[in-house]
Amino acid sequence: MLRVALPNKGALSDIASTMFKEAGYLQRRDNRELVIIDPDNNVEFFYLRPRDIAVYVGRGILDVGITGRDLYRDADVDDAVEELLPLGIGKSAFRFAAPVGTFSSVDELDGKRIATSYDVLLDHYLKETGINASVVRLDGAVESSVRLGVADAIADVVETGNTIKAAGMEIFGPPLLASEAVLLGRTDHKPSGLEVLIRRLSGVLVARQYVMLDYDVRVEQVEQAAALTPGLESPTVSPLQDSDWCAVRAMVQKSQTNNIMDELYELGARAILVSQIHACRI
């Protein structure tokens, strides 16, 4: 049975649970459930702290798990764990911040104190860049550390930056790490069911990026219409009862849907319909 770790709470938990439901896996109904078994898919799910998931996978206790790239790198299990699939959701960046006007470059951090909840990740960065700074490890609320005199600057995961601004601070320097939710697995370990799981999750990701577009177009305009909607391999073209017209079906990128619909209408296409794709295999 494939043993999968998922975040037990927070935004990442909701994201991961929804994705697995769309991929056809059973998920818990009550957030107090810590373990559930999906007998139809031969999978056992464990709901754990996002920060601990990479550790359980890295030590071989669980087969795969979903967590943030920042948490995975901070767990310091790089040799035992590998990224199997970036999920493109929960995007954020690990950044430096300090009171407005204090620093303009990361080089100015030399000899300073930096507060963070990601001490392993920060320590690796400092060693790679040769910056000689002290790392102050905190469990949270690092934004208050400078005002309280514990640190001169902070390094934290930033999504919108609103919390940083509210604390009277500003981001400076390049991102230390671009993060997102990722599917992790043990290095060189391919358990039964893993290939199917990756294929299903990949199908969900594709389905979220595309829609199905159906329309009718005159036969002499099919080639022009197909150029606008090439699909993944080729659009499906079917004859209609009126031999002068054809029905066309193709997957198109969701972000381009309205522009493509406008162009098809100008070309003469009619009965242009858009349908959501809930799952797919590419």
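I will go through the domain layout, then one interface, then the salt bridges, and finish with the database annotation.

Keep in mind that this is a predicted model. The protein chain divides into three parts: domain 1 takes residues 2–89 + 179–207, domain 2 takes 92–178, and domain 3 takes 209–276. So that you can find them on the screen, note that domain 1 is written as two segments, with domain 2 listed at 92–178.

Now the interface between domain 1 and domain 2. Over C-alpha atoms, their centres are 29 Å apart. On the domain 1 side, nine residues make contact, and they meet 11 residues of domain 2. Together the two domains bury about 850 Å², with 49% of that area coming from carbon and sulfur atoms.

Helix α3, residues 69–74, gives the largest share of the domain 1 side, with five residues. Sorted by class, that side has seven charged residues, one polar and one nonpolar.

Next, salt bridges overall. Side chains of opposite charge can pair when their charged atoms come close. The model has 16 salt bridges. One of them joins Arg3 and Glu44, with 3.5 Å between the closest N and O atoms. Arg3 sits in strand β1, residues 2–7, and Glu44 in strand β3, residues 43–48, so the pair links parts of the chain 41 residues apart.

Last, the annotation. An unreviewed UniProt entry lists "domain: ATP phosphoribosyltransferase catalytic" at residues 49–202. That span is 26% helix and 32% strand, and its end C-alpha atoms lie 24 Å apart. The UniProt entry, again unreviewed, also places "domain: Histidine biosynthesis HisG C-terminal" at residues 207–278. Residues 207–278 are 29% helix and 40% strand, with 6 Å between the end C-alpha atoms.

That is what I have.

Key: Residues numbered from 1 in each chain as written. Predicted model: local features only at pLDDT ≥ 70, side-chain atom pairs only at ≥ 80, totals over all residues. Heavy atoms only, no water. Domains from an automatic or database assignment. Contact = heavy atoms within 4.5 Å. Buried area = accessible area lost by both parts, 1.4 Å probe. Helix = DSSP H or I, 4+ residues; strand = E, 2+ residues; numbered from the N terminus. Nonpolar A, V, L, I, M, F, W, Y, C, P; charged D, E, K, R; others polar. UniProt positions renumbered as here; feature names shortened; annotations may be inferred. Salt bridge = Lys/Arg side-chain N within 4 Å of Asp/Glu carboxyl O.
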